[in-house]
Amino acid sequence: MVIRTKIKVRGILIIGFVSLISWLMGGVIIKLIICGNGLDIHVGLNTSYRAYRDYLVNKKIYEGESAISIIEKSDFFIPRDKDCWTDLENALTFDYRKYITQYVDAFDRDIDVNNYETSIAQMSSANQFFKNNPQAIARDFTNNWFWEWIAREYYNNIEEVCLKNSNDSIHEVIDSDCICINFNYTHTLEDMFDINKTNVLYIHNRLPDKRNLNDKGIDFERDILALAKKQFQFGSVNNYLDEWLNFANSIKLKSSQKLMSKKNLIDNLKEIYYAFSKKLSMNYDVLSKFIDENKTKITEVIVLGHSMLGVDEPYYRDVIVPKLKDVHWDVYWHKFDDASIFIEKYKLPEAKSKEW
């Protein structure tokens, strides 16, 4: 294992005090890399959410354009003050009260099919409800289409990206001896930096290895989608299923329930929740275990291309910072120095903000 040094003295990097003691005592010292989609974008992979939108525009076979309209215009998502694609996961916060209210208004009625006026009124209410209803794209948008898009982008470009970045300065920061918490679905850390898969925690799921796919060529239906054993964890952390169900169960239906039932409503809500939501606390145990297993060896935490104050902030607040508060942190930022805000907010004594 290569021992790398970390404290600057007149431009020369030398081992810090804690690392030096560990090294002299024969211990192993390692860096913990925490990375997000900014890393993939930095090395040349077109994995921004805006690129996903472009993919859907051209994916007419899957009615991608109608999906864009639903994401951008549906009344059932909480109104946004900015372009929803810049912060797509937060933009998937669901207005469950409006959805339930409109659902009940459209279908909790008894109609006489022989009565023209009541039939037209019911059809009008139903059409209004189904207009831009997120349930129509629920699983596809955050799983099937998303999985296929990211897989195509990654497998079609990663070899060229690795070659182009062989001399990039990023290799001075990330090396094969690091351990990593990866918020990406891609395995760039393995393919570009030769980091062992067992040293990477893919906290929100991971694409399958290309080498495990069919040698004669990738069939996405057979090889990629079939390997999607579980859904990507993707969506808003501000959706709470218990709140939705409690509100639904509080509604008293007035009709004979021929057009709807409480069970149908609840099933619809669950489908939408599981498609557009991300429950971070379900990953706390595996994250804690990963850090605990390596904690005595970690002398430095490096954050690259990840929004620490965004949708994933609870991971830092509840697990990562409490466990690693006293080691040295290098927090990289691009365009906007959220690193300094993060460092100040969590009072990290051994942290530096660095422009990337």
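Biologist: What makes β3 and β4 a pair in this structure?

Modeller: In this predicted model, β3 and β4 are joined by 4 bridges and run in the parallel sense. Two strands count as paired if there are at least two bridges between them, so β3 and β4 qualify.

Biologist: What makes β5 and β8 the edge strands?

Modeller: The sheet is open and holds 6 strands in the order β5-β4-β3-β6-β7-β8, with parallel pairing. β5 (200–202) and β8 (351–355) each pair on one side only. Neighbouring strands of this sheet are turned by 15° against each other on average, direction ignored.

Biologist: What joins β6 to β7?

Modeller: Strand β6 (residues 298–304) and strand β7 (residues 328–333) run parallel and share 4 bridges. With at least two required, they are therefore paired. V301 stands opposite W329 in β7.

Biologist: Which strands does helix α14 touch as it packs on the sheet?

Modeller: Helix α14 (residues 313–324) touches β3 (30–35), β4 (179–182), β6 and β7. Contact means heavy atoms within 4.5 Å. The direction of α14 makes about 135° with that of β7. Helix α15 (residues 338–345) lies across β7 and β8, and runs at about 145° to β7.

Biologist: Why is C35 called buried?

Modeller: C35 has a relative accessible area of 0%. The limit for buried is under 20%, so C35 falls within it. C35 is in strand β3, and it touches I181, N182, F183, N184, L189, L304 and H306, not counting residues up to four places away in sequence. The C-alpha atoms of C35 and V303 are separated by 5.8 Å, although the two residues are 268 residues apart along the chain.

Biologist: Is N283, which lies in a loop, buried or exposed?

Modeller: N283 is buried, because its relative accessible area is 6%, and the limit is under 20%. The loop in question lies between α12 (262–276) and α13 (284–294). Leaving aside its neighbours within four places in sequence, N283 is in contact with I203, H204, Q233 and Y315.

Biologist: How do you know where the largest pocket lies, and which residues are nearest its centre?

Modeller: Rolling a probe the size of a water molecule over the atoms shows where empty space is left. The largest pocket holds about 1,300 Å³ of space. Its lining comprises 41 residues, of which N37, G38, T86, G305 and S307 lie nearest its centre. The elements that give two or more residues to this lining are α2 (37–43), α3 (49–57), α5 (88–91), α8 (138–164) and β7. The largest share, 5 residues, comes from α2.

How values were computed
Residues numbered from 1 in each chain as written. Predicted model: local features only at pLDDT ≥ 70, side-chain atom pairs only at ≥ 80, totals over all residues. Heavy atoms only, no water. Axes fitted to C-alpha atoms, helices over the stretch in contact; angles between N-to-C directions. 1 Å grid on protein atoms, 1.4 Å probe; cavity = no way out; pocket = protein on both sides within 12 Å on 5 of 7 lines; lining within 4 Å. Points joined across faces, edges and corners; volume = space filled by probe spheres on them. Buried < 20%, exposed > 50% of the residue type's maximum accessible area, 1.4 Å probe, protein only.
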